[in-house]
Amino acid sequence: MIEKIVLFLLEQQGMLASRIEKLGKQRAILQEQPDISGIAELREAYREVGVDLIKLLKFVDLNATGIRKILKKFDKRFGYRFTDYYVTSRSNHPYSQLQQVFKHVGVGAVVGALSRNLAELQEHQGSYLSIYDQPSAALKDPIIDMINSSVDKLTRSTNFLRFLGQHALILDEESPSTAGEEEIEDQKYHFMSLMLNLVNTFLYMVNTYIIVPTADDYSVSLGAASTVCGVVIGSMAVAQIFSSVYFSAWSNKSYFKPLIFSSIVLFLGNVCYAIAYDMNSLTVLIAGRLLCGMGSARAVNRRYISDCVPARIRMQASAGFVSASALGMACGPALAGLLQWKFKIYMVTFNQATLPGWVMAVAWLLYLVWLSISFKEPNRATEVNDATQNPASGQRVDIGQLENGLAQPLLTDSENKQNGDEDEEIDDSEEASEDSRKPATSIGSAYRLLTPSVKVQLLIYFMLKYAMEILLSESSVITNHYFSWNTSAVAIFLAILGLTVLPVNAVVGTYISNMFEDRQLLMVSQITLLVGIIFSFKVTRTYSAVQYVASALITFVSAEVLEGVNLSLLSSVMSSRLSRGTYNGGLLSTEAGTLARVVADCTITAAGYLGVGKLLNITLLPSLVICATSIACTFLTYNSLF
């Protein structure tokens with residue numbers, strides 16, 4: 001079967017190469033004797049080759065996908081992980097036919113030759129015509145973009161933008177978009193509405209981390225222990241576990257209304273957080289943070305990007321979502337470090353503990369006004385079928401024809417008849433029927449779609465979020481106890497940690513992920529995180545700031561690398577049924593990470609009853625156990641992590 005595919009592929013490559021060579025000779029003649037009509041004909045001939053090349057790339061992609069699915073079904077049916085052995089033992093062999101299918105050896109040369117000739121012809125076309133017949137700036141031929149898009153999809157190339165965008169776990173459906181669907185996406189897309197969703201993400205992350213440097217002092221001022229800061233910080237995460245579900249469900253009907261509700265609830269939550277000082281009430285303080293968590297609209301932000309942003313810029317929007325989260329995480333503590341004033345207006349106290357609440361309340365109020373004026377609710381009544389009836393005009397390429405491509409079946413009719421019984425049994429798998437392509441309708445059905453390797457990746461995500469939350473939430477208590485750091489010093493420390501997020505992801509996404517497999521990076525980063533946790537323990541009488549800062553950097557940076565690689569791998573292997581609907585992959589990852597934060601913050605408060613001197617080691621011990629467990633699970637499922 002693979003031999004048949006490869007021989008057909010080689011035959012088509014040779015035909016395309018021959019056509020490009022003949023066109024190259026015509027191009028050389030036209031360069032010596034320019035002719036306007038001849039140039040137009042030559043350009044159109046190149047474009048026809050480009051269309052056939054896209055069909056060929058689609059053929060390769062369909063058959064590579066078919067091979068993967070056959071191997072996957074073999075593993076599922078016989079309970080033996082054969083896929084990894086089969087691919088790794090053959091894909092790099094010098095005589096392997098899989099080189100042609102999975103690495104499209106030879107196709108790259110055809111792609112490069114055609115793209116270069118089309119680009120150069122387009123670039124120099126203006127020199128052959130009158131300035132009145134040709135614009136001063138030559139437009140890029142759309143066929144080149146289509147070729148590059150097809151190659152990118154086939155190779156699954158990794159760069160910083162794609163790597164960063166995958167952190168959002170905004171999954172693409174398996175079926176490609178048609179021209180009509182692209183028109184529908186363009187009708188839904190509204191730039192200012194996208195910006196409002198990204199700003200919502202940024203403000204929420206600022207709101208989450210702005211209280212971290214001062215939460216212990218605030219708790220003490222209300223008569224509680226400093227370690228109660230774990231409950232204060234974690235209250236927001238507790239509410240977010242529930243808010244993520246109802247906001248995700250609400251976004252099925254509207255985006256504007258849940259965003260309005262989110263802004264109002266966050267405004268009220270921050271006001272409660274701020275006035276708790278004058279009311280001398282820890283209950284009001286925690287209630288304010290619970291309200292803030294109930295206003296978490298990150299599920300709406302993700303859903304808007306997934307549903308309303310055109311596919312051609314969805315990766316950029318996803319990267320913007322992740323960048324907004326990272327910047328908010330860094331700006332929160334930095335802003336807290338600046339809010340060091342203390343004054344009273346009437347009976348209301350403004351100090352370093354209450355100012356974060358008042359500042360965020362004002363920020364959410366201004367955002368609410370901006371949202372009410374500028375947000376545009378997308379038209380959900382638009383149907384794809386209506387748009388697809390409109391024929392393409394001009395010289396637009398028939399996308400539907402390209403999607404059909406040269407897609408020859410992997411099995412002949414006689415082979416299909418021979419294997420009919422087997423196909424009927426396999427049809428129970430998730431790719432077999434139309435029903436299996438529908439979104440998950442409950443947490444249970446979503447969980448059943450998770451393979452063992454995906455469950456391990458969610459465990460890893462839980463582990464790294466737990467370790468990061470322990471590090472961040474107890475930082476003010478630990479540094480004050482051992483090093484007598486003030487609020488400003490803690491804020492600077494946390495801001496520096498937050499600012500490492502984007503540079504670290506840039507290095508991993510641009511360079512490291514291109515040199516190593518994701519699963520290799522997954523294992524190495526977990527081991528490095530384990531080293532950082534071990535190095536953080538206090539084992540001697542003295543505990544230096546150098547040891548704490550160094551271990552914190554190792555822990556945080558390795559956790560960031562691990563998060564990027566883990567979510568990038570998750571976005572590639574998670575079921576396509578989790579790409580849309582209420583119970584999507586983004587919601588599952590959010591719930592896993594939020595649950596980790598809740599458990600971590602509760603651990604801090606519980607450990608505080610044994611004394612601040614024992615807090616560090618007691619809270620690090622669960623991190624150590626969970627990290628070691630995730631490493632063991634990764635090792636056991638290593639051959640299935642692809």
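**A walk through the aromatic pairs**

Start by selecting Phe 247 and Trp 250: both sit in helix 11 (residues 229-250), three residues apart, about one turn of the helix. Helices here are DSSP runs (H or I, at least four residues), numbered from the N terminus. This is a predicted model, where local features need pLDDT of at least 70, side-chain atom pairs count only at pLDDT 80 or more, and totals for chains, interfaces and linings use all residues. Residues are numbered from 1 along each chain as its sequence is written, and side-chain values use heavy atoms, with hydrogens and water left out.

Now show the rings. Phe 247 and Trp 250 make a stacked pair, 6.2 Å centre to centre with 20° between the planes. Rings of Phe, Tyr and Trp (its six-membered ring) pair if their centres lie within 6.5 Å; planes under 30 degrees apart are stacked, over 60 edge-to-face and the rest tilted. Colour by accessibility and Phe 247 is buried at 0%, while Trp 250 is partly exposed at 28%. The cut-offs are relative accessible area under 20% for buried, over 50% for exposed, and partly exposed in between (1.4 Å probe, protein chains only).

Next, pick Phe 483 and Tyr 548, a tilted pair at 5.7 Å centre to centre and 55° between the planes. Phe 483 belongs to helix 23 (residues 475-483) and Tyr 548 to helix 27 (residues 545-573), so the pair ties together parts 65 residues apart in sequence. Both Phe 483 and Tyr 548 are buried.

Last stop: Trp 341, in the loop between helix 15 (311-338) and strand 1 (343-345). Trp 341 is exposed, at 53% relative accessibility.

Technical notes:
Helix = DSSP H or I, 4+ residues; strand = E, 2+ residues; numbered from the N terminus.
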